[in-house]
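Please look over the sequence and the model that follow, and keep both in view while reading. The paragraphs after them go through the structure step by step.

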Amino acid sequence: MILVSLYFLLIFATGGEFLEVLIPEKFPCAARITGNSSKNVVCVCNATYCDRIEPAENHTLGGKFLIYRSSEAGDRLRKYYGAFLGAGDEKADITIQIDAKSTYQEIIGFGGAFSDSTGLNLNSLDVAVQDQILRAYFGPDGLDYSLARVPIGSTDFSTHEYSLDEVQNDTDLTMFKLSNEDLQMKIPFIRCALALSPNLKLFASPWSPPGWMKTNQKMHNGGSLLPTSQIHQSYANYLTQFFTEYAKNHVEFWGMTVQNEPRTSGMTSWTWQGLNLTREMERDFLRDYLGPTLRAENVTRDLKIMVLDDVRTDVVEEADTIFNDPIASSFADGIAVHWYDDAFTSISLYDTTHKNHPSKFLLATEACLGFEDGEGPKLGNWSRAEELAWSQIEYLEHWVSGWVDWNLVLDEKGGPNWVNNMVDVGIVVNQTAQEFYKQPIFYSMGHFSKFLPPASLRIHHEKISDSTENQENPKVTCAILPRSARRTCVILNREPREINAKLVDIQENREFLVKLAPNSIQTVIWDGGK
C-alpha cells in the first residue's frame, strides 16, 4: 500500500461566477491507497494520530456558507467556504429551491451497533487506539453519533451462541445473568461512548430467546415462542431484566425493538439466532406481555418501543396490524426498518405507513454492505459510500427519522462472525499493526450524523430547473435546526462529471452556487434568521 498526502490549501473560481476556499485542516486524513486503484483510499489512524472533523458550530458564517466534501478523488469531509451570489441568472446545471418554513419529520439520530464483534476487535487494541476509535465515532471532533444499538444476548456477530439464562426451564429466571460479552465487550465501551456523548440514545434488540423457550429448542433455525402464557411472560421478564442489569452497570436505555428480523430470521433455514413472530404474534406479545411488564418497572417505564425491525416488505401491514389495536398501539412508539431487500420494494411504503400512522416514527435500525457475496470489507471502496448516502437521502425524504449502521468495528475479514456472514464496516481494525482504517462509508455516514443533529427538522426542497441527463442525480435532502435556524443540505453526485448546483433559500432571499465534484457527497451549511 502507498502512503499519500491529501493536505493542501486551494483557492479556485469557476467561470468567475463563484469562489470556494479550502479551509486548512489541523488533523487531515492520513491517506493510504489500497489495492490496485488510486481511487481506493482509506484514512489510517493509530495510537498517536487520527484525522479530526472540526464541528460546523466553530464557524461563524455570516455572509459565507460552508461545504464539507467527500469524493472518489480522495476528499474526506474536507471543508470549504463559499460566497453568496447577488441576484442574477448565473449559469447552473440544476437549481434547487429550499423552503425552511415547510417542515416534515424530526431527526432522531444516526449511529451504529455495539456488537460482540465490535467489542472483541476493540479489546484486541491498545487502550490508546480504542480511545481513538470511540472518539472518531462519538466525539465532538468525530461523527457525533447520537444513537447506538445494543444486542440482547448473542447475534451472528458473536463467536458463539449464548443467551442470558442457559438453565433449562428456568422460567423464574433465577439464573439470569449478564454474559462475559456484556461485561467485557459491550458495557465498558458503551460507558466510554456515553462519556464522550452524554446525550447518546441507546436502544436494545433481541435476536433470540434462550433455546428452551422456543418450539425448536434452539436459538437458530427459526422457531417460535412456546405457546404457553408462562413462557411468554417469562420472556417478557427476561427482556426487562436485561435493562435492569445494565442499569446496575450505569447504562440506561432510550428504547428497544421487540425482535430483530422477526419475519426473516423466523425461517427454519436461517442459520443464526432468530425468532419467528408473525405480525399477529408480535402484536399479542407486545400487548399482553412485554408492554405491561416494561411499563411496570421504573427502569423501563419510558422506553421507546419499536416494532418490525426487519426489511420493509410488509411495513404497511405490520403497522396496521399493531397500531390499529389500541392497546398494543399504546405501548408502541415507532417502527424500525432494515434496508436489505430494498431493491425489491418501493420506498413509497414508508409514505403509506406515515400517512396511516402519523404519530409513530420510522427509524432505520440496521444496514451494512458486503453481505451479498460474503466478501466483507473492500478497503477504500468509494461506490459503497455512494450507495449508503443514496439510501440515507432516500429514507429521509420518505419520513424516516434516522439511520443506524450495523457493527461499529470489524476486522479485515469483516468479522468475527460465528456463521461466516462477513460484511463491510466503517472502521476496519488491523490488530497486528495496532492501527485502523476509516473506510469511505465512515465519511458517508458523517455527512449525515455530524450535521443533522437530533431535533433537526427535514425541510422542503424541489428542483425548479435541471439540465442534467439523469433526473435522479443529484440526490438531495435538507434540514433546519430550529434553535439556531441553521440550514443544511446533503447532496450526492453519482455522476463522473462536475455539476454546478444553484441553491435558492426562498426565506432568506439568498442563492449560491455549489460545485458538486464528480462522484462526491457534499454537506452544505448556511445560517438563516427567518
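Is C478 buried or exposed? In this predicted model, C478 has a relative accessible area of 1%, and because buried means under 20%, C478 counts as buried. Its partner is C489, with which C478 forms a disulfide whose sulfur atoms are 2.1 Å apart. The torsion about this S-S bond is about 105°, so the disulfide between C478 and C489 is right-handed. C478 lies in strand 21 (residues 475–481) and C489 in strand 22 (residues 486–493), so the pair ties together parts that are 11 residues apart in sequence. C489 is buried as well, with a relative accessible area of 1%.

A disulfide is a covalent bond between the sulfur atoms of two cysteines. The count for this structure comes to three disulfides, and one of the others joins C29 to C43, with an S to S distance of 2.1 Å. Here the torsion about the S-S bond is about -105°, so the disulfide of C29 and C43 is left-handed. C29 lies in the loop between strand 3 (18–22) and strand 4 (31–33), whereas C43 lies in strand 5 (residues 41–45), so this pair ties together parts that are 14 residues apart in sequence. Both ends are buried, C29 at 12% relative accessibility and C43 at 0%.

A further disulfide joins C45 to C50, with an S to S distance of 2.2 Å, and its torsion of about 65° makes it right-handed. C45 is buried at 0% relative accessibility, and C50 is buried with a relative accessible area of 2%. When the bonded cysteines are counted along the chain, the disulfides follow the pattern 1-2, 3-4, 5-6.

C192 counts as partly exposed, at 35% relative accessibility, while C368 is buried, with a relative accessible area of 6%.

Strand 9 (residues 109–113) pairs with strand 16 (residues 400–407) in the parallel sense over four bridges, and the bridge partner of G111 in strand 16 is V404. An unreviewed UniProt entry annotates residues 107–452 as "domain: Glycosyl hydrolase family 30 TIM-barrel". In the model, the end C-alpha atoms of residues 107–452 lie 7 Å apart, and the span is 36% helix and 17% strand.

Definitions and conventions. Residues are numbered from 1 along each chain as its sequence is written. This is a predicted model: local features need pLDDT of at least 70, side-chain atom pairs count only at pLDDT 80 or more; totals for chains, interfaces and linings use all residues. Side-chain values use heavy atoms; hydrogens and water are left out. Two strands pair if DSSP finds at least two bridges between them. Helices (H or I, at least four residues) and strands (E, at least two) are DSSP runs, numbered from the N terminus. UniProt positions are given in the numbering used here, feature names are shortened, and annotations may be inferred rather than shown by experiment. A disulfide is a pair of cysteine sulfur atoms within 2.5 Å. Buried means under 20% relative accessible area, exposed over 50%, partly exposed in between (1.4 Å probe, protein chains only).
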